[in-house]
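User: Hello! I am new to reading protein models, and I would like to go through this one with some questions. Could you help me?

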Amino acid sequence: MKSETRFQILVSVAAIGLSMLTGYAASQPVSNTLASPESFAGIAGTAARSAAMFTELGKVLTHPRCTNCHPAGEHPHQTDASRLHQPPVTRGPDGHGTETMRCSICHGNANFDPGRMPGHPEWHLAPREMAWEGKTIAEICAQITDPARNGGRKVEDLIHHIGADTLVGWAWHPGFGRSPAPGTQQEAGALVEAWVKTGAACPAK
C-alpha cells in the first residue's frame, strides 16, 4: 500500500473517531445538581423554606425528561428539544397509546441504546390532569397539591412517587443521547420529603 493511500485511510479513521467522540460529547449533559434540604436551613420562615425547596425540585419537574411525558395535549414529546414524538402517537384512553399503537409495541422493558429507544415495563404518559408542559413551577406546585388534579394523591404519596417509582427513576437513566434530570432520584426524593414535612408550601411564582 502506498504511503499516500495509507495516510488517507488513517486520516479518514481519525475523522470518524473524532466525529463519534464529538457527537457523544455533545450528547452529554452539562453538569447539573440538586441542592440538599439541609442547604435551605438558613431560610428562617418554614413556608419560605418549603417553597424554596419546591423551587429547587422544579429543576426536575420542568426538565424535558419529565415534561415530555407530562404533555399538555394528547401527544408526547421527545428529545432534549421536546419535539413532537415521531412517529406520531396519541395517548389513548389509558395513557398507554391507542388500541392499534400501544406504547409497548416499540418501548420495551429497558432502554435499547443501539436503536435510541427508551424503555420501561410501564412506559406511558402521565394523566391529562397532570400536564406540566408550559407551566410555571408555581402552577405545577398548585397542581400537584390539588387531589383533583394530581390523580387523587396526598402530597405524602409524592415522596414515594418521585423518590422511588422506577418509571420516574428512568428520568435519571434515560440512555444514550438524552440528558438525565438534575441530581439523582434519591436527592429529588429527599427534597420532596423535606418539602412535605415543612408544609408543602408553593412558591409565589
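This is a predicted model: local features need pLDDT of at least 70, side-chain atom pairs count only at pLDDT 80 or more; totals for chains, interfaces and linings use all residues.

User: Which residues have the most contacts inside the largest nonpolar core?

Analyst: That core has 29 residues. Elements that give two or more residues to the core are α2 (46–61), α4 (137–144), α5 and α7 (185–197). Inside the core, the residues with the most contacts are Phe54, Ile144 and Trp195.

User: Which residues is Ile144 in contact with, leaving aside neighbours within four places in sequence?

Analyst: For a contact, heavy atoms have to be within 4.5 Å. With the sequence neighbours set aside, the contacts of Ile144 are Phe54, Met130, Trp132, Asn150, Val155, Leu158 and Trp195.

User: How many Å does α7 reach from its first C-alpha to its last?

Analyst: Helix α7 has 13 residues. The expected span is 1.5 Å times one less than the number of residues, and for α7 this comes to 18 Å. The reach in the model is close to that, at 18 Å.

User: What covers the buried residues of α7?

Analyst: Buried in α7 are Gln185, Ala188, Gly189, Leu191, Val192, Ala194, Trp195 and Val196. Just after this helix, Gly199 takes a positive phi of about 105°. The cover over the buried residues of α7 includes α2, α4, α5 and α6 (166–169).

User: Why does Cys202 count as partly exposed?

Analyst: Partly exposed sits in between buried, under 20%, and exposed, over 50%. Cys202 falls in that range because its relative accessibility is 31%.

User: Why does Gly151 count as partly exposed?

Analyst: Gly151 has its place in the loop between α4 and α5. Its C-alpha atom and that of Arg128, 23 residues apart along the chain, are separated by 9.5 Å. Gly151 counts as partly exposed because its relative accessibility is 48%.

User: Which residues are closest to the centre of the largest pocket?

Analyst: The largest pocket holds about 550 Å³ of space. Elements giving two or more residues to its lining are α3 (64–67), β1 (77–78) and β4 (101–102). By class, the lining has 14 nonpolar, 11 polar and 5 charged residues. Of the 30 lining residues, those closest to the centre are Gln78, His85, His107, Pro118 and Trp123.

User: And which residues are closest to the centre of the second largest pocket?

Analyst: This second largest pocket has a volume of about 440 Å³. Helices α2, α3, α5 and α6 give two or more residues to the lining, which has 15 nonpolar, 4 polar and 4 charged residues. Of its 23 lining residues, the closest to the centre are His70, Ala126, His161, Leu167 and Val168.

User: Last one! What pattern does the protein chain follow, read along the sequence?

Analyst: The chain has 205 residues, and buried residues make up 37% of them. Among contacts with a separation of 6 or more, 56% come from residues 24 or more positions apart. There are 7 helices and 4 strands, and their pattern along the sequence is α-α-α-β-β-β-β-α-α-α-α.

Terms used. Residues are numbered from 1 along each chain as its sequence is written. Side-chain values use heavy atoms; hydrogens and water are left out. A nonpolar core is a set of buried Ala, Val, Leu, Ile, Met, Phe, Trp, Tyr and Cys residues joined through side-chain atoms within 4.5 Å. Buried means under 20% relative accessible area, exposed over 50%, partly exposed in between (1.4 Å probe, protein chains only). On a 1 Å grid over the protein atoms alone, a cavity is a set of points where a 1.4 Å probe fits but cannot get out, and a pocket is an open set with protein on both sides within 12 Å along at least five of seven lines; lining residues have an atom within 4 Å of a point. Grid points are joined across faces, edges and corners, and a volume is the space filled by probe spheres set on the points. Ala, Val, Leu, Ile, Met, Phe, Trp, Tyr, Cys and Pro count as nonpolar, Asp, Glu, Lys and Arg as charged, and the others, Gly among them, as polar.
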